[in-house]
Structures are given as C-alpha cells and as structure tokens.
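Let's walk through this structure together, one stop at a time. Keep the 3D view open while you read.

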Amino acid sequence: MKKNRNSTQSAHQMGEVRIIAGLWRGRKLPVLNAEGLRPTTDRVKETLFNWLMNDIAHSRCLDCFAGSGSLGIEALSRQAQAVVFLEKFANAAKQLKQNLQSLKSDNGSVIHTDTLNYLAQKNSGEPFDIVFIDPPFNLGFIPQVLKLLAENNWLAENAILYVETEKNHPPLQLPEGWQILKEKNAGMVTSRLIQC
C-alpha cells in the first residue's frame, strides 16, 4: 500500500503555490515538480514581503531564477509596477507564462534564458528597484550574480536585493557601500535583504 502511494506521488507532476496577499490573495497556481525547483515557503515569503511592505508598490522587479515565479507573482499581486522573470528551464518558463495569463496580468514578462548569461549583458533599459535572487542551492551562483548586477546597470539607485541561500552558504562578499538590512534563518534557509 505504501509503495502505491509513493508511485502515485511521483507520477503527479504538478505542485502549487499560493499567493498570500494583495490583488490575488488566496489564489493557488500550478507549478512543476521538477528537480531543483524549490518555491519559497509561505512562511519565508511572508517575512520577505513584511520587510518590503513600504517598497513594493510601483517598483520595477527582477526575479533572477524565477522557477515557479512565486516571488515575482507575489510582488505583482501587491501592486509592483512590473516584474521581469528570468527562467532557464523551458517547461518552467512556459508554466509561468500560463500562470500570468490565468491571472490576466500584463505587467509580468517571462524571459526563457540562462540568468548569468543574461545579466552579463549591459542593461540598456530601465534599472530595477527590487531584485529577487533565489537560485538552486549549493551551486555557487550568488557571488557571480551580485557582481553582474553591480557592474551592468541592472540596479536603480538604492535598489533592494532579496537573497535566499542554503543556511551553510559562505558569508556574502558585498560590493562597497552595500549593506545587509535584514537577515533571518528558517529551517535550512537563510533570507537576506540587502540595500545597494
């Protein structure tokens, strides 16, 4: 019996994320159950958006390793002006586009791309006020992402970065003038809010 339950579980390819506040509060959206795709938990998301309470409305946001799009969609629900979602995996990007369509949101745009390659280009558009950085764990992406964001005109003046890492991640080396505003551990995850 136990074996059957497990096999049914593994055959089920979809999970879901819940929008916790704002325009679409309580809506549940389907997400792929794919390896490395780890939507931010409601508890962590609640902490993050409490931190950002006074900054999110009318902001331009970049969701660097979008995955389920949980963070960027939550930002749109709370009246962010625009969110750009970067996602490397085609199926996850496709699902994210479908979810934005089901919400009838035209303020979110999904770019199917490798985040590091994308950020290595000079940004010729408007810079971003808030950047969500929640990459797959234990792959060492964070230092490169911070460097590329700082060098290539991605960040508005006084931009805020949200960085989610595994708890045992090495201390972050921040560019001069950047500072950690908030830091919190929840289970095996560390969340940080950084002011640029």
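Start with helix α2 (residues 42–51) and helix α3 (residues 70–77), whose axes come within 11 Å and cross at roughly 45°. That angle makes α2 oblique to α3, because angles under 35 degrees count as roughly parallel, over 145 as roughly antiparallel, 65 to 115 as roughly perpendicular and the rest as oblique. The axes here are lines fitted to C-alpha atoms, for helices over the stretch in contact, with angles running from 0 to 180 degrees between N-to-C directions. Helices themselves are DSSP runs (H or I, at least four residues), as are strands (E, at least two), numbered from the N terminus.

Before going on, remember that this is a predicted model, where local features need pLDDT of at least 70 and side-chain atom pairs count only at pLDDT 80 or more, while totals for chains, interfaces and linings use all residues. Residues are numbered from 1 along each chain as its sequence is written, and side-chain values use heavy atoms, leaving out hydrogens and water.

So who touches whom? K45, L48 and F49 in α2 meet S70, L71, E74 and A75 in α3, where contact means heavy atoms within 4.5 Å.

Now look at F85. Leaving aside neighbours within four places in sequence, F85 is in contact with residues including I73, L96, L100 and V110.

Finally, find K94 in helix α4 (residues 90–102). K94 counts as exposed because its relative accessibility is 53% (buried is under 20%, exposed over 50%, partly exposed in between, with a 1.4 Å probe and protein chains only). K94 and V110 are 16 residues apart in sequence and 8.5 Å apart in space, C-alpha to C-alpha.
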